[in-house]
Amino acid sequence: MNDTIIIAGAGQAGTQAAISLRDLGYGGRILLVGDETDLPYQRPPLSKTYLKSGASLLPLRAEKIFADKQIELLRGVSVVSIDRAAREVRLSSGQTENYAHLILALGGSNRKFPGDSEGILMLRTRSDADRIRERIAEQRRVVIIGAGFVGLEVASSLRGLGHHVTVVDIAPRVLARSVSAPTSEFVHALHEANGVVLRCDARSVSYEPLADGKAEVRLAGEVIPADIVFAGIGIEPNVAVAAASGLETRNGIVVDEFLSTADPAVFAIGDCAAFQSAYAKSVVRIESVQNAVDQAKFVAALIMGNRQAAYRAVPWFWSDQHNVKLQIAGLIGGHDEAILRGSVADKKFSVYCFREGQCVAIESINAPADHMDARKLLAGSVPLTKQAFLAPDFSLKGFLAGNQPV
Amino acid sequence: MPAVVFVHPDGRREEVDVPLGSSIMHAAVSAGVDGIVGECGGSAMCATCHVYVDEGRRAELPEIGPVEEEMLGSTTSERRVTSRLSCQIVMTEDLEGLILELPETQI
């Protein structure tokens, strides 16, 4: 019987799945297939230290570890088709491989700005980051389309290097879909205080490449000249190969609460997986290191028969902008109230997000202890109600202490 | 390349080469040292790279910054005076042979 586990995608999720399977004692063959030629590496620094200080790439594991753990790592190779009836994948190298289990950790691809966007830089991979680095050797006027996490982190890094940076977005505020209003306002002010020009609520945004290699970004009523244009407008999950094999896809590869597709031999994890989170009212797809790592560990344990309960790791996320640390625990989707505790002036506070009177997420600015407590709170079985939160002597630590099993 | 020595809770010793300028957490994760998790990638945000450093060499290490200080209050295993987050220790020639004791658990 075939004992091969094929992992399609060698990013954070795929690599973790391979490592965890071995660490849990899986004795069969593990094939880790990734389309990049680098050793699997950490993506978060790409928009931060890698851009800013020219730091070297941080591999997730040394090359020797893959060999020691007998993980067959195929670099520069992708899965081009899946024959689920035969449990066989075809690789871009031409070879075919059979599997007992297939883990799809395919990640996503940068969403392209509509129209002639050839000259617009984006960021997902090391080579994307290198392309940006090549262009910022001298002082530049940079226009960033998209005030999401990637856009704002790139803005922070490039501003820190002395470039003139403008960020534009059609949304009314920065991080509009990702954080609560108080945190968004703080981040907005933080960028302005650091000299980033923000143009939110733009009624239209278009890109015009010019003959001399420069470009213009045109808003309704304003033309912004640019040496470099960068777009961070989200990713599209890489679902094509899954969809072609007949698996259900809907903004991601659809999986159940055990991260399994309708085919019990096929799982999907990380950026490409659409799942019903225990922390959301609808199906979500989460792009974060935490989600990649925890889902990988979950599926590895499931395959090894060590897991009964559904996936319910607490989602958490971090960002670093202008030397301010933003950490989020939980999912803010559908929150109807956000209450700030702490000091905006001191740049140290947390925002508690409530949905129907229950705390569903906490955003912490330079308050890592709050963040750790928030993760404990959300992982626990006692919810924080708004009523308990508004009690005069409330503290998160106190609340957690009061709810410890005795 | 200089090396440091991790001591596991069961007494097992593991020597790990750490490139100059790299964080000890990163070298440990890259080398697959069990007991160093480094969930947040080295931003002093998760307290899963907690170590106890050699008492006698504490003064040679970079000072504990305010964020690390706060995170050390959130470690899963007990905090001691020798507690550090290994992501905040950048390797130098002088740290050759540093002994780092691993806590019982990080999560």
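Accessible areas here come from the Shrake-Rupley method with a 1.4 Å probe, and for residues only the protein chains shown count as cover. With that in hand: chain B exposes about 4,600 Å², and carbon and sulfur atoms supply 48% of it.

Quick housekeeping. This is a predicted model, where local features need pLDDT of at least 70, side-chain atom pairs count only at pLDDT 80 or more, and totals for chains, interfaces and linings use all residues. Residues are numbered from 1 along each chain as its sequence is written, chains are lettered from A and ligands numbered from 1 in the order in which they are written, and side-chain values use heavy atoms, with hydrogens and water left out.

OK, chain B. Going from the N terminus, you get β-β-α-β-α-β-β, so two helices and five strands, where helices (H or I, at least four residues) and strands (E, at least two) are DSSP runs numbered from the N terminus. The C-alpha trace spans about 30 × 30 × 25 Å along its principal axes. For 107 residues, a compact globule would have a radius of gyration near 13 Å, and chain B agrees with that at 12 Å; that's over C-alpha atoms, with the globule rule being 2.2 Å times the number of residues to the power 0.38.

How much of chain B is buried? Buried residues make up 52% of the 107, buried meaning under 20% relative accessible area, exposed over 50%, and partly exposed in between (1.4 Å probe, protein chains only).

One of those buried residues is B:Glu68, at 3% relative accessibility. You'll find B:Glu68 in helix 2, residues 66-72. Leaving out residues up to four places away in sequence, B:Glu68 touches B:Arg84, B:Leu85 and B:Gln88, contact being heavy atoms within 4.5 Å.

Now the interface. On the chain B side, 15 residues are in contact with 23 residues of chain A. Together the two chains bury about 1,700 Å², 56% of it on carbon and sulfur atoms.

Last stop, chain A. A:Ala18 sits in helix 1, residues 12-23, and is buried, with a relative accessible area of 0%. Again skipping residues up to four places away in sequence, A:Ala18 touches A:Ile7, A:Ile30, A:Leu32 and A:Ile71.

Terms used. Buried area is the accessible area (1.4 Å probe) that two parts lose on being put together, summed over both.
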